[in-house]
Amino acid sequence: MLLKTSLIAVLVSLLAACNQTDKTANSSHAAAEPSVANQQHFLTVESDTGIAFKHVNQMQGDYWPHEILGAGAGVFDVDGDGDLDIYFRNGSTKNDVQYADQLYLNQWQETGELRFINASSEYGLADYGYGMGVTFGDIDNDGDLDVFLSNYGADVMLENRQGKLVPIAGPWSIEQWSTSATFVDINRDGWLDLYVGRYNQYRVGEDLICFNNKSQQDYCSPKSYPTEVDALYLNQQGTFVDISEAAGIRSEAGYTLGVVVEDFNADGWPDILTANDATKNLLWINQQDNSFVNEGLQRGIAVNGKGEMEASMGIAMADFDHDLDWDFIMTHLATESNTLYVNNGQGYFMDQSNVSNMVSLSKPYTAFGVGWLDVNNDLLDDLIIINGAVNTIRDQRQAGDESPLRQKQQVLLQQANQKFELLADDDFAFINELMVGRAAIFADFDNDGDKDILVTVNNGRPILIKNNSPANHWLGLTLINQHGSPALGASVVFEFDDHSQQIARFHNDGSYLSGNDPRIIVKWQGKKQLQKAIISWPDGSQSEYSAFNLQQYQPVMQP
Amino acid sequence: MIRIIALCTLLFLAACHNPLDQLTPVDMLPNYILEDMDASVIKHLEALTDEVKTSQSKDDKAHFDAWLQLAHALHGYELFEGAELAYTNARLFKQRPSAVTYQLAHLYRLQSKYQLSNELLRQVIEQVPDYTPAYRNLAENLFDQGSLEEARAVIQKSLIIEKDDAYGLQIYANVLSQLNEVDSATEALEQALALQPKGTKLYFNLAQLFQMQGQQEAANQARAKGGEGKLSTKDPWLSEVTDDLRGFNPFIAKSQSFLAVNDFKSAEFWAEKAAADRPNSFTTQMLLGVIKVKLGQPDQALPYFLKARQQRPGDFKVNLNLGTTYKDLGNYPSSIEYYNRALTIDGGHLSAKLSLADALCLSNQDDKSMVLVEELQQTSFQQQALFVGLKCQIQHKQYHKAYQYVQDNIELVSNYGPFLEYAILLLATTPIDEHRSGNRALDWLEQLMKQQPTNKRKQLLIMALMELNRFDEAQKVLNALRPTKDLFIPKQSLQHLLQNKMPFRMSVY
């Protein structure tokens, strides 16, 4: 090897000597590629957070499909001190507690510093299996958030019992490969039901051996294994029942990786959208009788505008064009583009990836976690996109990297014409961070009115990015239902005195394997005044609210 | 190592003395052959590199061809730096410049280097003004970059040259729709659909246009119509790797590239396109046959191979494929017939002999099978032969014979290899008489362990111990087992079996 290395070094230096003109020409090529935006932003990577967690994927050289897809993380205020704590998923195998999930408590309220302490044992965390995602919801209407852990293997529900997270049995305790999951009150009865995305039927020990185009063993395509159907569990006053079959969910299968919930057809009932890898995305329209019908194809989201199925991973919703309906982006494999689906106001979508520059910006990367966030305080939603390959990158493998799937990260700045531009590498060093990025969790860890970003890394350490946007006029809302629980699934229309409006949704779904901060933040600039918030509650009722205390979060109770 | 050095030196010299440096400068040494590539790939690249070397003394055409072949191979393996260098050197010769330039443009496109790709595509258009694929690629590049007006101009030119080009019309429609010229876009798509009524993707494009016009019901219908067709993933049209700018060969190359990455459905799609172009092509029939086999449909593979054989009855591969397909279908007499025909053409082909031995065994002609096996044991296929022989005896429940067979060849045990170890595993888990043969397998494994206690042998030992219900001993070996990639059953799965005291058993029936 030494000889080889020496040879390479000698030859490279010889080439450099004989080919002086090349470097100049090459750099001109680089300059000829699309220019990037050079704009201000307010993101900083926090290095001293006290988080010692490191994800371990347990890879053993067998190219297990699940070892490259995890893992997620999520946020909830487990200790009730008013700031968001972090639950990290890990790739634990049974009887391997050292690689189990970890819980970190945020010390912001106590110390004014963004530091976290490990409280895993204090909260009774144990080995809950090979982790994928995490989501939160109050399943027993006792006013605190319980935890659902999706796994490669049996899923786990942790009931929050006054400071202890206790596993409880349920229909989820079966061997499956689950990915993103979300709580949703499908029948508006005040009890949160659960939708769980599932990937494929691969099981350890049934491995196929796949090769890349260089005849090297590599990770198999999801298509190497049969699809798996997602699951829907109905909450009957604290007891969950699997209604997937009766609800029609088992009529379609795909390789589900991302899930969001929204009322896409404006009938007041929550629908479910899944981002599926290499298969059609599904849009389950609620039939208001505990059943769903997939309308993904006709509503324009099953495939991209060219009619191609893409490798959908993450998904994030926003009214990015401020026309008071929900648009969304899905992240995809390298050589495909991330796809921007724009709502026509009636729950039908158009692929606007080309005109928004999304195609040319996203093709080189395999993207997973994604979220909308105003990073430069221009009140336009920008995009944070977390990348990491799924097939080994040769140069990295040759260099002996044990996770040779590292890619650069991306921040896309939305321009006034709804096109996106790359934030320049030298404007934010994080972008140059080569890593196997997976989940991106969006949460206001320091309660300053802008959401920060927690990035998880497969087989690596998470990264916390703080958003330091200067204070505008802002208002934070925590919507509380009649049980005293977060009213996941509620939405708000904000009305201003100049007759302008903004919409917001109160949910923790989206991105990839993530449990996000559900709190609503509305921001505005100038002299205009916020007049009222019209809140649509998950049970279909509406109320108005106008007793605002600006520049802070305030709870709003459902009347 | 010598070959590696030769290659580096050759490439180095080519770069140093390259008078076309101004075209595509090279400042990095391709290191594709220096590291952990698969042996077959290295062999392929080395052969092509040798060809470049030897062709230096031949005429320019031969030298050019050698560079181009190397470039195509590197392109196919997505070894971008090496491919770029090889294409650059091929361009030196000014032979078939448009083909080389087009390929290099595609190479840049694959790397999202749009500007470089566009520049070269414009050169191709200058050289071959009627070559519409270059226009389409350029228009697609520009479309992806959001340069809609430029994309429109380029694709319009293409459509003047080739009016009835459904794909060109689709690109044109996409461009127009993004320019909000909805009526013209709809017209273009309708023309495309008239040319290609089963064009699934065209219906989705049309749906977007209807939606833009507020015609939601029409959009729904178009999407429903599209949904009736075969949905696919990304259009691989731009990924063709070929030196043939038109027609049939790109489809074959595309199909082969998908076959190489085990995407059999896409491989089938492109092979069928090739078949539509040249329905009687031997290559197409063979390719479709292989794809059907890979898809687990040997019954559907058979007609393709038979048709191919009608055209080339003396082709070794088609006879071999027929032998294997008939074997997969359980038609052993026909399988033996075609293996014999293949061996008539190439009597020294060891793999064909091994397959024949297997087929003979399956048709209960054990004696004939064993003659071939013994013959193969004298060759480099001795491990495979031993395996087939043993498998044959176990299949016919000749356990004592099988045991004796291994015992007779015990010296081969020291030349450990995957086939022999697998054979021991089969024997270890197969009843011979009232006692399980596990004890005997255990003895052999212990002998093997004394010679070299490899991880794989430890795993075999664990299985044999489990078969004998000696779970505590198995657990001890398992605890010492390193969880490396050479385990054919993951450590975790073994642990699970052990925890549940489930004997491992591998059936050979």
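This is a predicted model: local features need pLDDT of at least 70, side-chain atom pairs count only at pLDDT 80 or more; totals for chains, interfaces and linings use all residues.
**Exercise 1.** How many residues does helix α15 of chain B have, and what span does the helix reach?

*Solution.* Start with the limits: α15 of chain B covers residues 282-294, which gives 13 residues. Next, the span. From first C-alpha to last, α15(B) reaches 18 Å, close to the 18 Å expected at 1.5 Å a residue. Then look at burial. Buried residues of α15(B) include B:Phe282, B:Met286, B:Leu287 and B:Ile291. Finally, look past the helix: α15(B) is followed by B:Gly296, with a positive phi near 75 degrees.

**Exercise 2.** In what order do the four strands of the open sheet in chain A lie, and which strands stand at the edges?

*Solution.* The order is β16-β17-β18-β19, with antiparallel pairing. β16 (255-262) and β19 (292-294) of chain A each have a single partner strand, so they stand at the edges, and one side of each lacks a neighbour in the sheet. Neighbouring strands are turned by 25 degrees against each other on average, direction ignored. Now zoom in on one pair. Seven bridges join β16(A) to β17 (residues 271-277) of chain A. Within β17(A), A:Ile272 is the bridge partner of A:Val261.

**Exercise 3.** Are helices α8 and α9 of chain B roughly parallel or roughly antiparallel?

*Solution.* Take the angle: the axes of α8 (residues 148-161) and α9 (residues 166-178) of chain B cross at roughly 150 degrees and come within 9 Å. Angles over 145 degrees count as roughly antiparallel. Therefore α8(B) and α9(B) are roughly antiparallel. Their crossing is left-handed. Contact residues include B:Leu148, B:Ile155 and B:Leu159 of α8(B), and B:Leu169, B:Tyr172 and B:Leu176 of α9(B).

Methods: Residues are numbered from 1 along each chain as its sequence is written. Chains are lettered from A and ligands numbered from 1 in the order in which they are written. Side-chain values use heavy atoms; hydrogens and water are left out. Helices (H or I, at least four residues) and strands (E, at least two) are DSSP runs, numbered from the N terminus. The expected span of a helix is 1.5 Å times one less than its number of residues. Buried means under 20% relative accessible area, exposed over 50%, partly exposed in between (1.4 Å probe, protein chains only). Two strands pair if DSSP finds at least two bridges between them. Axes are lines fitted to C-alpha atoms, for helices over the stretch in contact, and angles run from 0 to 180 degrees between N-to-C directions. Angles under 35 degrees count as roughly parallel, over 145 as roughly antiparallel, 65 to 115 as roughly perpendicular and the rest as oblique. A crossing is left-handed if the near helix is turned anticlockwise from the far one by less than a right angle, and right-handed if clockwise. Contact means heavy atoms within 4.5 Å.
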